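Here is a quick tour of one model, written for someone who would rather look at side chains than read tables. Have the viewer open as you go.

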Amino acid sequence: MIDIAAPRPINRMLALPGLDALARLALASPFLISGVVKLVDFGGATAEVTGLGLQPAALIAAAVILTQLGGSALFLTRRTCWLGAGILAVFTVIATVLAHPFWMFEGPDRGRQTATFFEHAAIVGGLIMSALFVNSRRGQP
């Protein structure tokens, strides 16, 4: 297998201070935005949970908000990135299976649900990669 090193300008860019934090913020942004929107419109969050057939809707909506905002806060710190990534990844897997069961759809809806399902799988992969990256850099300046 051939090892192809990144060009020097790419290495410099990847070494920029704060780039890892900015990347984690970008990855956490869907959870942060969703959590804030649900917090501001708790009735809408409860209706969304009810639409999935889950009860007690208000309690589950509150747990979703806490998970999205709390998991994001943990994910954005170096010390607890691994924990936040785990919380958000497990949440994403559960929410994706509940909200995007592509195998239950037909026609164009199946294609849309399949794409969304695997987009969420990619987010889970990104969360895991971020935790691995931060954990491997622990103790470095």
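## Before we start

A residue counts as buried when its relative accessible area is under 20%, as exposed when that figure is over 50%, and as partly exposed in between. Keep in mind that this is a predicted model.

Asp 20 and Arg 24 are both buried.

Asp 20 has another partner, too: its side chain meets that of Arg 78 in a salt bridge of 2.7 Å, N to O. How exposed are the two ends? Asp 20 has a relative accessible area of 13%, so it is buried, while Arg 78 comes out at 35% and is therefore partly exposed.

## A pair within H6

Over in helix H6 (residues 107–137), Arg 112 and Asp 109 are three residues apart, so about one helical turn separates them. Their side chains form a salt bridge at 2.5 Å, N to O. Asp 109 has a relative accessible area of 38%, which means it is partly exposed.

## A cis peptide bond

Which way does the peptide bond from Gln 55 to Pro 56 go, cis or trans? That bond is cis, with omega near -5°. You'll find Pro 56 in the loop between helix H3 (42–51) and H4.

## How H5 packs on H6

Now for two helices side by side. The axes of H5 and H6 come within 9 Å and cross at roughly 170°. Angles over 145 degrees count as roughly antiparallel, so H5 is roughly antiparallel to H6.

Which residues meet here? From H5 the contact takes in, among them, Trp 82, Leu 88, Val 93 and Val 97, and the H6 side includes Phe 117, His 120, Val 124 and Leu 127. Sorted by class, the contact of H5 with H6 has 13 nonpolar residues, five polar ones and no charged ones.

How values were computed. Residues are numbered from 1 along each chain as its sequence is written. This is a predicted model: local features need pLDDT of at least 70, side-chain atom pairs count only at pLDDT 80 or more; totals for chains, interfaces and linings use all residues. Side-chain values use heavy atoms; hydrogens and water are left out. Buried means under 20% relative accessible area, exposed over 50%, partly exposed in between (1.4 Å probe, protein chains only). A salt bridge is a side-chain nitrogen of Lys or Arg within 4 Å of a carboxyl oxygen of Asp or Glu. Helices (H or I, at least four residues) and strands (E, at least two) are DSSP runs, numbered from the N terminus. Axes are lines fitted to C-alpha atoms, for helices over the stretch in contact, and angles run from 0 to 180 degrees between N-to-C directions. Angles under 35 degrees count as roughly parallel, over 145 as roughly antiparallel, 65 to 115 as roughly perpendicular and the rest as oblique. Contact means heavy atoms within 4.5 Å. Ala, Val, Leu, Ile, Met, Phe, Trp, Tyr, Cys and Pro count as nonpolar, Asp, Glu, Lys and Arg as charged, and the others, Gly among them, as polar.
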